[in-house]
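I opened the model today and kept notes as I went. The entries follow the order in which I looked things up.

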Amino acid sequence: MAGAGASTLRRCFPSQADLYQAVAGQVVTAVLGDLGIADDSRDPAERIVS
């Protein structure tokens, strides 16, 4: 949504809390996606520890 105006943001995110939640969700997903927890080729116990 880069370059979007305030009215467009308000349509997609009615409150500031909704916007914060969407941003935080994206950040958490990006960070957790790098942990390798979903790597099925590794032993489950190893995925949890490392």
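**Salt bridge.** I began with charged pairs. The side chains of R42 and E46 meet in a salt bridge, with 3.0 Å from N to O. This is a predicted model, so I take the distance as computed, within the 4 Å limit for such a pair. Side chains of opposite charge can pair when their charged atoms come close. I then asked how many salt bridges the count comes to. The count is one.

**E46.** Is E46 buried, exposed or partly exposed? Its relative accessibility is 42%, so I logged E46 as partly exposed.

**D39.** Next I looked up where D39 is found. D39 sits in the loop between α2 and α3, and α3 covers 44–49. The side chain of D39 joins that of S41 through a polar contact of 2.6 Å. I also noted the exposure of D39: at 30% relative accessibility, D39 counts as partly exposed.

**Surface patch.** Then I turned to nonpolar side chains. V23, V27 and V31 form a nonpolar patch on the surface. Together they have about 250 Å² of accessible area. I placed V31 in helix α2, which spans residues 16–33.

**Overall fold.** I find three helices and zero strands. Along the sequence the pattern reads α-α-α.

**Burial and surface.** What share of the 50 residues counts as buried? I wrote down 2%; the cut-off for buried is under 20% relative accessible area. The protein exposes about 4,100 Å². Carbon and sulfur atoms supply 62% of that area.

Conventions
Residues are numbered from 1 along each chain as its sequence is written. This is a predicted model: local features need pLDDT of at least 70, side-chain atom pairs count only at pLDDT 80 or more; totals for chains, interfaces and linings use all residues. Side-chain values use heavy atoms; hydrogens and water are left out. Patches are made of residues with over 30% relative accessible area and no salt bridge: like charges are joined within 9 Å, nonpolar side chains (Val, Leu, Ile, Met, Phe, Trp, Tyr) within 5 Å. Accessible areas come from the Shrake-Rupley method with a 1.4 Å probe; for residues, only the protein chains shown count as cover. Helices (H or I, at least four residues) and strands (E, at least two) are DSSP runs, numbered from the N terminus. Buried means under 20% relative accessible area, exposed over 50%, partly exposed in between (1.4 Å probe, protein chains only). A polar contact is a pair of N or O atoms within 3.5 Å; within protein, one must be able to donate a hydrogen and the other to accept it, and residues adjacent in sequence count only if both atoms are side-chain atoms.
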